[in-house]
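Colleague: I should like to go through this structure with you, one question at a time. Please present it first.

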Number of protein chains: 2
Amino acid sequence: MEKVAETTEPPGRREQNKIDTRKAIADAALALARRDGPGSFTVDQIAASAGVSRRTFFNYFHSAEEALNIRMESFLELAIGIFAEQPAGLPLLDTMIAAFGATTQVQNLGTHGELFRMAADNPELLRAQLHSWERAETRIVQAVQERLGSGVSHLYVTALVGSVLSCTKAAMQDWAGETPEPDDASGADLEARIVRALSLLREGFAHPA
Amino acid sequence: MEKVAETTEPPGRREQNKIDTRKAIADAALALARRDGPGSFTVDQIAASAGVSRRTFFNYFHSAEEALNIRMESFLELAIGIFAEQPAGLPLLDTMIAAFGATTQVQNLGTHGELFRMAADNPELLRAQLHSWERAETRIVQAVQERLGSGVSHLYVTALVGSVLSCTKAAMQDWAGETPEPDDASGADLEARIVRALSLLREGFAHPA
DNA sequence: GCCACAAATTGCACACTGTGCAAGTTCTGA
DNA sequence: TCAGAACTTGCACAGTGTGCAATTTGTGGC
């Protein structure tokens, strides 16, 4: 019985080291972004601050922005996971509302808002974030395709998923803009906004309430 | 009478040279992308091919991808212009449908589909395009805010505009994917898709027709 | 036409990015 | 304990993006 619960934890020293290194780099990048501003530091600084070589940094991330953006990725990862867990029978938009509303329970929610605000004056970071949303979109489109079968048009699915993500993004931006303090307890505020935006979508934006 | 119609044409040699140079660079970039593939050429090659120095290239564009992406920008520019011309009384979504449907009359429509397809296997180009859509979104949001006055919530406007652009993007992607030949006469196909996607949006995606 | 001024182009230097490769170090399993 | 796999690191190299100063080119007054 050397290995226990191999389904979820075969870490070993190697895996754990990689996880630690990855986290150390991401943390170093965030700390530098907070101190010097989003675009005002180099990869060398991140690497030195994380205690690894420049080359190792690039073994983990393609760019400084990607190291920052890993948190946004985890948020979208969570959204995709929750969506996949939802029962398949319900109307699609209700399922989406449930899934994206639940994402607000993610750890360190305040940091996500912070990164949103950072992207406002850092084009490279903004591009990285937009790219993250784009990749999430294609993954969700695939999941929805599988769920609905081949009877639904591709355009319907892509337009729907794109709109849902746009509304979620708008809700997060609105929330991040009006919640400058890194308050992790304001998840309810964000959830309310997401639900509101997606409800507007479900009603075809008929009333500008 | 040395100058005629100074309202729209004070070009002079200077202005015209800049326009020509800009166009020469963009054309050179597109030609190289067609020949070698989107990410397989350098700024030096573009500059040489356009007959300018490397430094001059960077006076016009921030990156190779931006030089490619200028056409997508012009498309979005056209959309914004048409939207601004629409009468202000109509329902917002109808105005949007009219505006984005009309954009398909842009010159060299086939090239736009081509660039969409290129972005599929070139992350940098994709990011540049996403960034273009993002900037267009904020501009349209501003225009809508002015049109509707301050009585409407910010979240409503951003969610609406984001959804409209997502649907338009989905329509273009669908069209570009199923129209591999650079056929400039297929504008009607694209327009039909855009109108269909936006109609779905207006109905809250109720029927997956 | 001439000339001073403004605007655009260019070469150069410099810091930084991103990647292949080979040598070194650390973990794994028998 | 040890061979081999996996990870890290230094190095080299091509490419990017930008400030600066020198040069060329268009503009407008005289």
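Colleague: Which helices of chain B do the buried residues of helix 1 pack against?

Modeller: This is a predicted model, in which local features need pLDDT of at least 70 and side-chain atom pairs count only at pLDDT 80 or more, while totals for chains, interfaces and linings use all residues. Residues are numbered from 1 along each chain as its sequence is written, chains are lettered from A and ligands numbered from 1 in the order in which they are written, and side-chain values use heavy atoms, with hydrogens and water left out. Helices (H or I, at least four residues) and strands (E, at least two) are DSSP runs numbered from the N terminus; buried means under 20% relative accessible area, exposed over 50%, and partly exposed in between (1.4 Å probe, protein chains only). With contact taken as heavy atoms within 4.5 Å, the buried residues of helix 1 of chain B, among them Ile25(B) and Leu30(B), pack against helix 2 (43-50), helix 3 (54-60), helix 4 (64-85) and helix 6 (109-120) of chain B.

Colleague: How far apart are the end C-alpha atoms of helix 1 of chain B?

Modeller: The expected span of a helix is 1.5 Å times one less than its number of residues. Helix 1 of chain B covers residues 12-36, so its 25 residues should span 36 Å. The model agrees, the distance between the end C-alpha atoms being 36 Å.

Colleague: Is Gln129(B) buried or exposed?

Modeller: Gln129(B) lies in helix 7 of chain B. Leaving aside residues up to four places away in sequence, Gln129(B) touches Asn69(B), Met72(B), Leu115(B), Phe116(B) and Ala119(B). Its relative accessible area is 4%, and therefore Gln129(B) counts as buried.

Colleague: Which helix of chain B gives the largest share of the side that touches chain A?

Modeller: Chain B and chain A bury about 3,100 Å² between them, 63% of it on carbon and sulfur atoms; buried area is the accessible area (1.4 Å probe) that two parts lose on being put together, summed over both. The elements of chain B that give two or more residues to this side are helix 7 (123-148), helix 8 (154-178) and helix 9 (187-202). The largest share, 14 residues, comes from helix 8 of chain B.

Colleague: How many salt bridges does the rule find across the interface of chain B and chain A?

Modeller: A salt bridge is a side-chain nitrogen of Lys or Arg within 4 Å of a carboxyl oxygen of Asp or Glu. The structure holds 16 of them over all chains. Across the interface of chain B and chain A, however, the number found is zero.

Colleague: Which residue of chain B forms a salt bridge with Glu73(B)?

Modeller: The pair links distant parts of the chain, with one partner in helix 4 and the other in helix 7 of chain B, 62 residues apart. The N to O distance is 2.6 Å, and the partner is Arg135(B).

Colleague: How many residues of helix 5 of chain A are buried?

Modeller: Helix 5 of chain A comprises residues 92-102 and is mostly covered. What covers its buried residues includes helix 4 (64-85), helix 7 (123-148), helix 8 (154-178) and helix 9 (187-202) of chain A. Among the buried residues are Leu92(A), Met96(A) and Phe100(A). Of the 11 residues, the number buried is eight.
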